[in-house]
Amino acid sequence: MPRNSVKKLSVEQQTTPLPQQPQDNLQSVLGFVMPTTHVALPSEGKFYPPSHPLHHCSEVEIKFLSARELDVLTSKSLLKKGIAIERMLQNILIDKSIVIDELLIGDKNAIIVAARAGTFGGDYEVRLQCQECEEFYEHIFDLNEIDTKNNEEVLDALEFSENGTFFVTLPQTEVKVECRLLTSKDEKYLEERAKKKQKMGLPDSALTDHYKSFIVSLNGVTERGLVDEFVDVMPAGDLHFLNREYTKVLPDVDMVQESTCKHCGAENETSIPFTANFFWPDG
């Protein structure tokens, strides 16, 4: 349309947006159904508060990656900000009330693996270094063989609150600690805090910051100043016990698989790495 003809449009024509064809109509016209899959959540929804959409939900529905999501994954601006994967994950969630940053870390990992395997298949080729002969070799991991991991006996024995937190009684101080599992947002905060302290030349406090992040209360006391002070002076024995109990509770995906070195035949147990070609298998 010539530039000077724009002025001849009526106000109604300028302010009324062009009709957009809904995705459902597009699917009905072309005769295809957008494929989706259900992802089993390692947490089984047990650690989310009642206000969370995944409270007591054992799975979440996602759609497979489309060209739009691949655009997101290759966006230079999003990659520079470090949010490309999070934006992609948010796009593929069917339930839009779920916020990626508010997911437990293990649940987020499960969705990442399912999105990759469902879109490109389970084969994931990676270059590994042998733990015995130190030579490099190519290995294909099977993402479809990855299972969720949680300790049912430990979970069944836990005392839960109505908000999805759980309790651990420390052996030395006998303090009853209320804990919560960390989310993706918490993980980012801790990473950023550590980077800032490093830049400012401040002492590293990553260990105590981690404990302060997941402790909700002590013997029912929620005042943050007291919680932080207790963490700073907690006996090492209690610290070790709390870390062990928290780790046992932590639900996640089991990323460890075995591979055989092509040079010396050694069997290596390796945690499947997230390399640059995780979502670009032919790259």
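This is a predicted model: local features need pLDDT of at least 70, side-chain atom pairs count only at pLDDT 80 or more; totals for chains, interfaces and linings use all residues.
The protein chain contains 11 helices and 11 strands. Of its 283 residues, 37% count as buried. The accessible surface of the protein chain amounts to about 17,300 Å², of which carbon and sulfur atoms supply 51%. Among contacts between residues at least 6 apart in sequence, 59% join residues at least 24 apart.

In soluble globular proteins, nonpolar side chains tend to be buried together. In this model, the largest nonpolar core comprises 67 residues, and the members that touch the most others are Ile111, Phe166, Ile215 and Leu242. Helix 6 (residues 105-120) contributes the largest share of this core, with seven residues. The contacts of Ile111, with residues up to four places away in sequence not counted, are to Val39, Val60, Ile62, Leu89, Ile92, Leu93 and Leu103.

Helix 8 (residues 184-199) and helix 9 (residues 206-214) form a pair whose axes come within 11 Å and cross at roughly 150°. The crossing of these two helices is right-handed. On the side of helix 8 the contact involves Leu190, Arg193 and Lys197, which meet Asp209, His210 and Ser213 of helix 9. By class, this contact has one nonpolar, two polar and three charged residues. Within helix 9, the residues Asp209, Tyr211, Lys212, Ser213 and Phe214 are buried. The packing partners of the buried residues of helix 9 are strand 7 (176-179), helix 8, strand 8 (215-218), helix 10 (224-233) and helix 11 (236-249).

His139 is located in strand 4 (residues 136-142). Because its relative accessible area is 13%, His139 is classed as buried. When residues up to four places away in sequence are not counted, His139 touches Tyr124, Glu125, Val126, Leu128, Glu258 and Ser259.

Asn150 occupies the loop between strand 5 (148-149) and helix 7 (152-157). With a relative accessibility of 23%, Asn150 counts as partly exposed. Leaving aside neighbours within four places in sequence, the contacts of Asn150 are Pro42, Glu44, Leu155 and Pro251. The C-alpha atom of Asn150 is separated by 8.5 Å from that of Val253, although the two residues are 103 residues apart along the chain.

Glu44, one of the residues in contact with Asn150, lies in the loop between strand 1 (36-40) and strand 2 (59-63). Its phi is near 55°, a positive value in a residue other than glycine. Glu44 has a relative accessible area of 25% and is therefore partly exposed. A positive phi in a residue other than glycine also occurs at Glu134, with a value near 65°. Glu134 is placed in the loop between strand 3 (123-129) and strand 4. The relative accessible area of Glu134 is 55%, so this residue is classed as exposed.

Technical notes:
Residues are numbered from 1 along each chain as its sequence is written. Side-chain values use heavy atoms; hydrogens and water are left out. Axes are lines fitted to C-alpha atoms, for helices over the stretch in contact, and angles run from 0 to 180 degrees between N-to-C directions. Helices (H or I, at least four residues) and strands (E, at least two) are DSSP runs, numbered from the N terminus. A crossing is left-handed if the near helix is turned anticlockwise from the far one by less than a right angle, and right-handed if clockwise. Contact means heavy atoms within 4.5 Å. Ala, Val, Leu, Ile, Met, Phe, Trp, Tyr, Cys and Pro count as nonpolar, Asp, Glu, Lys and Arg as charged, and the others, Gly among them, as polar. Buried means under 20% relative accessible area, exposed over 50%, partly exposed in between (1.4 Å probe, protein chains only). Accessible areas come from the Shrake-Rupley method with a 1.4 Å probe; for residues, only the protein chains shown count as cover. A nonpolar core is a set of buried Ala, Val, Leu, Ile, Met, Phe, Trp, Tyr and Cys residues joined through side-chain atoms within 4.5 Å.
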